[in-house]
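Please read this briefing alongside the sequence and the coordinates.

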Amino acid sequence: MKNTHHDIPSALIEALRNAQRVVVFTGAGVSAESGIATFRDALTGLWSRFDAQALATPQAFREHPDIVWGWYEWRRAQVLRAAPNAAHYAIAALQRHVPALTIVTQNVDDLHERAGATKVVHLHGSLHAPRCSACGAPHVVDDGPATVSSVIGTHAEAHAETHAETRAGSNADTYADTHADTHAASNADEGRRIPPPACTQCGAPVRPGVVWFGESLPSDAWSTALHAAQQCDLLFSIGTSALVYPAAELPQRALAAGATVVQVNPNATPLDAHAHCNLHGAAADIMPRVLAAAFDQRDEGLKGDHAP
Ligand code: BV8
Ligand code: ZN
């Protein structure tokens, strides 16, 4: 795609202006500039501290509920302290310009909603929807200040606790951070073991309201996302490594249905070879420029300030 405005290819600007149905498909990278670690980012990614794929499973929760619940509470506390970034706000603004824009996210945070987006489709659930692991009853976690600060261990406590666990040699360490010593020293707010609360209806352990590896996606979320991808004129794939299935199928379904597919990611992914346009950069930098190039200029044109 040639010619640019705000360094955005003019063909993309035209496609977005003319699109009736758009899908914005996001992954952990769209929340990176809000300080939420991505799974695979080599420096800050959660994979490097934990074997996230082992923690994000029903088996890990069955065998080590305190480790898994503590990890999710640590992540939930991070989200409570985070704020939406410019990418979330630009995507929410796009939703107000495009006749039908569906946001489909793999993320379990609520930053799209907090930026003003509506009807966000969560393929992998939410950190804010814990439920009973047995009867499924929704559970409300007390988020008083004491709870949030108790989840974020102090540097010394977390370090001492990790050392004690390591000495105890519990087999849970296969799930805990295998480099706890070094990471605890470099990360004052490392998570800790927290026993999951008991369901107020049946007493079974409460679990995070997310989709774990090996679990099916919520059928209504998946069918809504699949339908939107197959019907859209244009799909943005933003901040995802395109490795987790079946979510990673969505851009492929859009391509197969004849849509224009645009990828926003500072790194290459398997989608690079198939997307019509790869914008290699940070979402918080690129998405505001996409919005400005496509709609601010046309608004200016309408006001007569600048001919489009
Ligand atoms: C299922 C919730 C079936 C928990 C998550 C083929 C078909 C179907 C299934 C499979 C299949 N092959 C393998 C499977 C199994 C598995 C799977 O996909 N495994 C992978 C590892 C190969 N899939 C499943 O198990 C799924 N279930 O298929 O069920 C079934 C059928 C019958 C009966 C039973 C079951 C369930 C998958 C859901 C797992 N749960 N999350 C939690 O969050 O803890 S997925 C988890 O990974 C997160 O949601 C996260 O979103 C995702 C990681 O993906 P990304 O979002 O892309 O994040 P990542 O860190 O990888 O990448 C970030 C990107 O951002 C990078 O590219 C980086 O460059 C970029 N970036 C960084 N900074 C920026 C940026 N981009 C823009 N701006 C920046 N500033
Ligand atoms: Zn219950």
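Phe25 stands opposite Val104 in β4. This is a predicted model: local features need pLDDT of at least 70, side-chain atom pairs count only at pLDDT 80 or more, and totals for chains, interfaces and linings use all residues. Residues are numbered from 1 along each chain as its sequence is written, chains are lettered from A and ligands numbered from 1 in the order in which they are written, and side-chain values use heavy atoms, with hydrogens and water left out.

**The parallel sheet**

- Strand β3 (residues 21-26) pairs with strand β4 (residues 100-105) in the parallel sense, over six bridges. Two strands pair if DSSP finds at least two bridges between them.
- Val24 has Ile103 of β4 as its bridge partner.
- β4 also runs parallel to strand β5 (residues 121-122), joined to it by two bridges. Here Thr105 has His122 of β5 as its bridge partner.
- Which order do the six strands of the open sheet follow? The order is β5-β4-β3-β8-β9-β10, with parallel pairing.
- β5 and β10 are the edge strands, each pairing on one side only.

**Chain overview**

- The chain has 13 helices and 10 strands. These are DSSP runs numbered from the N terminus: helices are H or I with at least four residues, strands are E with at least two.
- Of 308 residues, 51% count as buried. Buried means under 20% relative accessible area, exposed over 50%, and partly exposed in between, with a 1.4 Å probe and protein chains only.
- Take contacts (heavy atoms within 4.5 Å) between residues at least 6 apart in sequence: 71% of them join residues at least 24 apart.

**Nonpolar cores**

- A nonpolar core is a set of buried Ala, Val, Leu, Ile, Met, Phe, Trp, Tyr and Cys residues joined through side-chain atoms within 4.5 Å.
- The largest core has 35 residues, of which Leu16, Val22, Phe236, Ile238, Leu279 and Met287 touch the most other members.
- Elements giving two or more residues to this core are α1 (10-18), β3, α6 (86-97), β4, β8 (234-238), β9, β10 and α13 (283-303). The largest share, nine residues, comes from α13.
- Another core lies apart from this one, with 22 residues, among them Leu226, Ala229, Cys232 and Leu250.
- Leaving aside neighbours within four places in sequence, Leu279 is in contact with residues including Ile8, Pro9, Leu12, Val262 and Val290.

**The zinc site**

- Which protein atoms are the donors of the zinc ion (ligand 2)? They are the SG atoms of Cys132, Cys135, Cys199 and Cys202, lying 2.2 to 2.3 Å from the ion.
- Donors are N, O and S atoms within 2.8 Å of the metal (3.2 Å for Na, K and Ca); water is not among the atoms, so sites may look incomplete.
- The arrangement is tetrahedral because the four donor atoms subtend angles of 101 to 121°. Four donors count as tetrahedral if all angles lie between 85 and 135 degrees.
- Along the chain, the donors follow the spacing C-x2-C-x63-C-x2-C.
- Cys135 lies in the loop between β6 (125-132) and α8 (145-151), and Cys202 in the loop between α10 (180-186) and β7 (206-210), so the pair ties together parts that are 67 residues apart in sequence.
- Cys135 is partly exposed at 44% relative accessible area. Cys202 is partly exposed at 43%.

**The antiparallel pair**

- β6 and β7 run antiparallel, joined by four bridges. Gly125 has Val210 of β7 as its bridge partner.
- β7 is mostly covered: five of its five residues are buried.

**Asp272**

- Asp272 sits in the loop between β9 (260-264) and β10 (277-279). It is buried, with a relative accessible area of 17%.
- Not counting residues up to four places away in sequence, Asp272 touches Gln263, Asn267, Asn278 and His280.

**Backbone exceptions**

- Most residues other than glycine have a negative phi, and most peptide bonds are trans.
- The peptide bond from Tyr245 to Pro246 is cis, with omega near 0°. Pro246 is in the loop between β8 and α12 (249-256).
- Ala242 lies in the loop between β8 and α12. Its phi is positive, about 55°, and Ala242 counts as buried at 13% relative accessibility.
- Lys119 has a phi near 50°, a positive value. Lys119 counts as exposed, at 75% relative accessibility, in the loop between α7 (111-114) and β5.

Key
Tetrahedral: all angles 85-135°; square planar, octahedral: opposite > 155°, others 65-115°.
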